[in-house]
Amino acid sequence: MINTKNLIKVFRTDEVETTALNNVNLEINKGEFVAIMGPSGCGKSTLLNIIGLLDNPSEGELHFNGYQVENYTERQRTNLRKENIGFVFQSFNLIDELTVFENVELPLLYMKVSGAERKRRVNEALERMNIAHRAKHFPQQLSGGQQQRVAIARAVISNPKLILADEPTGNLDSANGEEVMNLLTQLNEEGTTIIMVTHSPSDADRSHRIIQLFDGHIVTENMRQKL
Amino acid sequence: MLRILLNTVLRSLYRQKAYSLMNILGLATGVTCTLLILIWVEYETGFDKFHEDIDQVYSVYESQNYADGDVFSVYSTPAPLAESIKRTFPEIKYSTRMVTTWGQLILSADGKSFVEDGGKIVDADFFQIFTFPIVEGEKENPFKEENSIVLTEKLAQKLFGELDPIGRKIEINSKFDYVVSAVIQNPPANSSITFDFILPFQFFGKLWAYDLNDWEANTFHTFIKVEEGVDSDDLAAQLQTYIKDRIKNSNVDLDLQAFVKYHLYAINTNKVGSIWYVRVFLLVAVLILLIACFNYMNLATARSERRAKEVAVRKVVGAQRKGLIGLFLGESIFFTLISLGIAVVLVELLLPVFSDLTDRDLSLGINNIKFLFSVSGIVLLTGIVSGSYPALFLSSFLPIHVIKGVSRKDSALLRKVLVVIQFSMSISLFICSGIIYQQLKFLRESDVGYNKNDLIYIEMADDFNSIYPKLKNELIKIQGVYWVTAANQMPVNFTNSTWDVDWPGKIKDSEDILFQLSFVDYDFIETFEMNVIQGRGFSKLHGGDSLKFIINESAAEKMNMVHTIGEPLQIWDYSGEVIGIVKDFNFNSLQVGVEPLIMMRNPAAFKYIGIRIGEDVEPILNKIRTVWDSTVPDIPFTYRFLEEDFKYFYTAESRMSKIFISFTIIAFIISCLGLFGLVSFVTERKSREMALRKVFGANMDTVFQLLLKEFFKWVMLSNFIAWVLSFFVMEWWLKGFAYRIDIGIGIFILSGFVSLLITFLTVYQQIWKLALKTPVRVLKYE
């Protein structure tokens, strides 16, 4: 599903040049659950953002579903993203001015889904995330765990083939973290590919494969037994 | 999508109350001012348009060309002109003369008498040219009979009450009998021609000895209505030499002015036409709206930090930039619409005050399609202009930068430029209104060359010479009455002029100069306390003084007289000698310079009695009233203070300056909101820096000074731009005045002081807010 060849990402300021990713070669198959680990600043999030088409690599190739996408325009990337990728962030990134329902509904609006269909799908997703009773609330009225469940509902609403999760439990206590990981695992079991950046070994244990990054390089790739 | 947009806007409006309030208030104030100005402009430009076929109506006016290069344009034309051109040019369908009844007439009906001065004397075609609706009586030709009079509904009610006025008799000045032939609607407030009654032209000949075949005397307005489709330029070209063709050596050209321009475009070049004010206020409206738009841009982009996440999330889940631009534009248009709602309420509330201020009967033109159309246009344009930059700026955020917390390309410079422009405009308005105020004050208070205080005058309706000598005898006996004199006009209203003047050494024709001419009685100079430079004033002690002239300094200079006293002078057929020169005094608005003036004693022309009284006004007036009532029992006692009339010269100007000052204050307030936006933006951006400085021991004073220095820099730059701009604009404006102030440095210093003070207070308030936050809170949420 995802294939990178000699992926390089360099950040430049006037005087400093930082290589965040250095010759990263990676292949992720459909239905996989991959965890990316490594110390702070090793390039985990950069890799995730490039795979999520939020950022461009400086060099190298990126293939997504068979398409070579590293030179796509902003518009092409947006179109590809909204059809195929869902995002879950550490800091939830919900829009404060929108209710839970509206936050989850947002991707469908940009996909031009009809009103009735949107309503049906949003309600279904909220039920599934066990947050339907909070549909009319605003993000600030929810706990962290609830907010993250809303964010996951938003990520899955468009039935994406891939979910990218950047430290999804980073801001949560252990109980809520556990719940979020259960949801992600369940989604993966239903066929969604998941790539997750995490610091937590126990979260990583849920994955099929752990990729260790260090200073922009992949140092190890451990296949794991499915639990 | 629209629902979500509306929800988002409404919720963020509610959530960020202070910010929303500032934004909406700024826009609402801007839109309110613009609406008020538009309503006024609509009113001013709509003058006289209620007449049918108004595009076919023209005023015929004269341009008199003088040897000194002056061109003097007047609506006054010769009496035979109207009829003569109508006969000559088939294009002219109707023509009429019009003159205001000179002075007061006494109208008596049903045993009651009223002194009226609101009459017009016209030809019968007047009713074909102007379509003031006739509500009762003869509608086709109200002047079928020579002794017809047409009354307005108001005067008809005053004279006859509930009785049917048609066919009733009115006696004018106890001499002439007239019959009411029609009642006409009161002329609307936006009519240039106003009247209480209309008399047929024959009346003019009855009341005043005047040669109605004289092509050289200019007294009457001439209006024409041309056939449909007539090219007025062609007609004007044919008319141009019409007078010259009749009078040898005439210096007069004729021209046409569309009657719709009568109100706004004064042809007299000495006077500022109302169009000047219309243009200035349109400019002010545009400036205020721009200031409000800039304000919105500033406040909206200042909150960009808070919008960044929303933009990022929307983009991550599939929003395209175009859609986001639409979203932010929609938001600003929505804000403008709310502002319009508030503005409409504000306008409704303020209209009575604004109507008072402008002396116009203004109303919100809800049923005026053109007006509604322009208001919608303004709202749309304001929304787009104010939303444009925030939309482009905010939609350009890359989600990756937001997610990673990378600081984005800063728009601070542009925001500063906006605030500088905004402040430059407001400070310019501030300085301009200050200078306008000073100039008007100067005009009101400057020495006009005579003492205008404690001077009353009485306008006589008729029979001046049978009443005046006796009246003067009695009046002068009153304690507190110092001088009594008579004249054909008061120095606030000199309208007589002639170029038919001869003096020794005049080179014939090439030295034709327009002289103001005034007929004054004995003691005129003394009553007005004018300064005699040479010779003397008219006095009984020297006999009749009938062929003697007093001239002013300007006249002496124009005539190049060396030994003035005793020099011979001829006006028309009167040959006499100069007996005195008075120091120049102003007999018109100070906008106009002093023109050469000749005064002579001609009792036949007297119309006004001037009385110099003591300071204890009330008892003296009572005594004058008693004398009047016993001497002239039939005529009610009416008088005026010269000083009041003098103020009237500047009513238009002082009215306009009041409006100007009001709008300046508003512009300033909106600009302050803009500054507030910028300061809050900068403090928000700098809160991390400030927190760190505090952690490492800086106190708030240092932080305050740092910020203040930055803003002072920008405000001083705005001041500098405004100083240069307003100096040149005001120099240009002041050039239009014969008497003017020199622009002093005071107003510039004041503008600098006020703007810096406002900056100081704004920064202080924001810094205070920041100071109350503990550094750890700021850093934690960084």
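Among contacts in chain B between residues at least 6 apart in sequence, 81% join residues at least 24 apart; two residues are in contact here if their C-beta atoms, placed from the backbone, lie within 7 Å. The model is predicted, so local features need pLDDT of at least 70 and side-chain atom pairs count only at pLDDT 80 or more, while totals for chains, interfaces and linings use all residues. Residues are numbered from 1 along each chain as its sequence is written, and chains are lettered from A and ligands numbered from 1 in the order in which they are written.

Let us stay with chain B for a while. Its C-alpha trace spans about 100 × 60 × 55 Å along the principal axes, and chain B holds 22 helices and 25 strands. Helices (H or I, at least four residues) and strands (E, at least two) are DSSP runs, numbered from the N terminus. Of the 782 residues of chain B, 39% count as buried. A residue is buried if 20 or more other C-beta atoms lie within 10 Å of its own, exposed if 12 or fewer, and partly exposed in between, with C-beta atoms placed from the backbone.

Chain B is divided into domain 1 (2-43 + 274-444 + 651-780), domain 2 (75-230) and domain 3 (462-634), with bounds that come from an automatic or database domain assignment. Between domain 1 of chain B and domain 2 of chain B, the C-alpha centres lie 53 Å apart. An unreviewed UniProt entry annotates residues 20-241 of chain B as "domain: MacB-like periplasmic core"; UniProt positions are given in the numbering used here, feature names are shortened, and annotations may be inferred rather than shown by experiment. Over residues 20-241 of chain B, the chain is 27% helix and 31% strand.

The unreviewed UniProt entry also gives "transmembrane region" for several stretches of chain B, including 276-297 and 659-683. Residues 276-297 of chain B are 100% helix, with end C-alpha atoms 31 Å apart. Residues 659-683 of chain B are 100% helix too, and there the end C-alpha atoms lie 36 Å apart.

Next comes the meeting of the two chains. The contact takes 20 residues from chain B and 20 residues from chain A. On the side of chain B, helix 1 (2-15), helix 9 (304-316) and helix 12 (399-404) each supply at least two residues.

What lies inside? The largest nonpolar core has 151 residues, and those with the most contacts inside it are Ile36(A), Ala153(A) and Ile288(B). A nonpolar core is a set of buried Ala, Val, Leu, Ile, Met, Phe, Trp, Tyr and Cys residues joined through C-beta atoms within 7 Å. Helix 8 (residues 274-302) of chain B gives the most to this core, with 17 residues. Among the residues that Ile288(B) touches are Gly30(B), Cys33(B), Phe663(B) and Ala667(B). Apart from this core lies another, of 52 residues, with Phe528(B) and Leu569(B) among them.

Ile36(A) leads us into chain A, where it stands opposite Val197(A) in strand 8. Strand 8 (residues 193-197) of chain A is largely enclosed by the rest of the structure, because five of its five residues are buried. Thr193(A), Ile195(A) and Val197(A) point one way from strand 8 of chain A, and Ile194(A) and Met196(A) the other way. Four bridges join strand 3 (residues 33-37) of chain A to strand 8 of chain A, running parallel, and five join strand 7 (residues 162-166) of chain A to strand 8 of chain A, also parallel. Two strands pair if DSSP finds at least two bridges between them.

Note on methods. Lists of a residue's contacts leave out its neighbours within four places in sequence.
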